[in-house]
Amino acid sequence: MKTVTIEGQLRTEFGKKATRQLRSQELVPGVIYGGAQEINFSASAKAFKPLVYTPEFQVAEVKVDGKAYRCILKDLQFDKVSDVLAHVDLLELVGDKKVVATLPIKFVGVSIGVKEGGKLITKMKALKVKALPADLKEHIEVDITSLELNGNIRVEDVKLDRIEVLNSPRIPIASVVLTRLLKQEEATATPAAAAAPAKAAAAAPAAAPAKGAAAAPAKAAAPAAKAKK
């Protein structure tokens with residue numbers, strides 16, 4: 001699992017004035033909680049970028065006052081006007097203490113439905129899980145190989161060792177749907193298939209009178225022959 005190192009400084013002053021001063025120096029206030037004590041610190045906005053602006057799940061190693069804290073990102077605050085990073089909340093990873101984290105989903109394989117012309121629709125990009133720090137991983141692999149046309153993979157289909165998934169089990173994660181081309185092909189094929197039996201049924205009665213019509217003149221020829229005799 002990737003680790004981002006952040007060099008920080010302990011905060012000794014608090015309040016709006018102190019926070020404005022930090023931000024004027026392009027520093028971002030943050031807090032680390034979940035461990036033995038709460039750590040209030042600040043670090044450069046640039047140091048937070050690899051942790052904040054990425055879809056990947058990463059661990060932050062925050063070095064403050066000669067100590068290092070292994071953490072995961074829990075919450076972010078952005079300025080309502082400028083949209084710059086305003087505050088960071090981090091959760092310290094303690095060996096025997098389970099944590100709640102959001103892990104991205106990585107889809108693997110090519111589904112049967114896609115091979116048949118369907119389109120893969122991904123409905124979730126991450127799962128909320130609960131696990132010990134040692135069991136956390138960069139992503140959760142979801143195999144879609146057996147996913148058929150009009151089929152779904154749901155949260156309950158994801159089986160993980162030592163990791164509890166907290167999302168509702170019936171929520172779809174991914175599905176394969178009919179494309180517009182497949183729908184048009186099915187719509188064209190259905191009337192054609194229905195027309196074939198109807199055409200055959202219509203042809204059968206038409207053939208019977210034709211046979212009778214050929215027999216009638218033959219029967220009528222008998223009196224003519226008798227009259228000649």
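Mentor: A nonpolar core is a set of buried Ala, Val, Leu, Ile, Met, Phe, Trp, Tyr and Cys residues joined through side-chain atoms within 4.5 Å; buried means under 20% relative accessible area, exposed over 50% and partly exposed in between, with a 1.4 Å probe and protein chains only. The model is predicted, so local features need pLDDT of at least 70 and side-chain atom pairs count only at pLDDT 80 or more, while totals for chains, interfaces and linings use all residues. Residues are numbered from 1 along each chain as its sequence is written, and side-chain values use heavy atoms, with hydrogens and water left out.

Trainee: Which residues touch the most other members of the largest nonpolar core?

Mentor: This core holds 25 residues. Those that touch the most other members are Ile-72, Leu-127, Leu-136, Ile-140, Val-142, Val-158 and Ile-173.

Trainee: Which element gives the largest share of this core?

Mentor: Strands here are DSSP runs of E with at least two residues, and helices are runs of H or I with at least four, numbered from the N terminus. The elements giving two or more residues to the core are β9 (126-131), β10 (140-143), β13 (172-177) and β7 (99-108). The largest share, 4 residues, comes from β7.

Trainee: How far apart in space are Ala-174 and Phe-107, C-alpha to C-alpha?

Mentor: Ala-174 lies in strand β13 and is buried, with a relative accessible area of 0%. Ala-174 touches Phe-107, among others, where contact means heavy atoms within 4.5 Å. The two residues are 67 apart in sequence, and their C-alpha separation is 9.1 Å.

Trainee: Which side chain of opposite charge is nearest to Arg-11?

Mentor: Arg-11 is placed in the loop between β1 (3-10) and α1 (16-24). Lys and Arg count as positive and Asp and Glu as negative, with His and the chain ends not counted; a salt bridge needs a side-chain nitrogen of Lys or Arg within 4 Å of a carboxyl oxygen of Asp or Glu. Arg-11 is buried yet has no salt bridge. At 8.5 Å, the nearest side chain of opposite charge is Glu-13.

Trainee: What kind of aromatic pair do Phe-41 and Phe-48 form?

Mentor: Rings of Phe, Tyr and Trp (its six-membered ring) pair if their centres lie within 6.5 Å; planes under 30 degrees apart count as stacked, over 60 as edge-to-face and the rest as tilted. By this rule there is 1 aromatic pair. With 6.3 Å centre to centre and 45 degrees between the planes, the pair of Phe-41 and Phe-48 is tilted.

How values were computed: Lists of a residue's contacts leave out its neighbours within four places in sequence.
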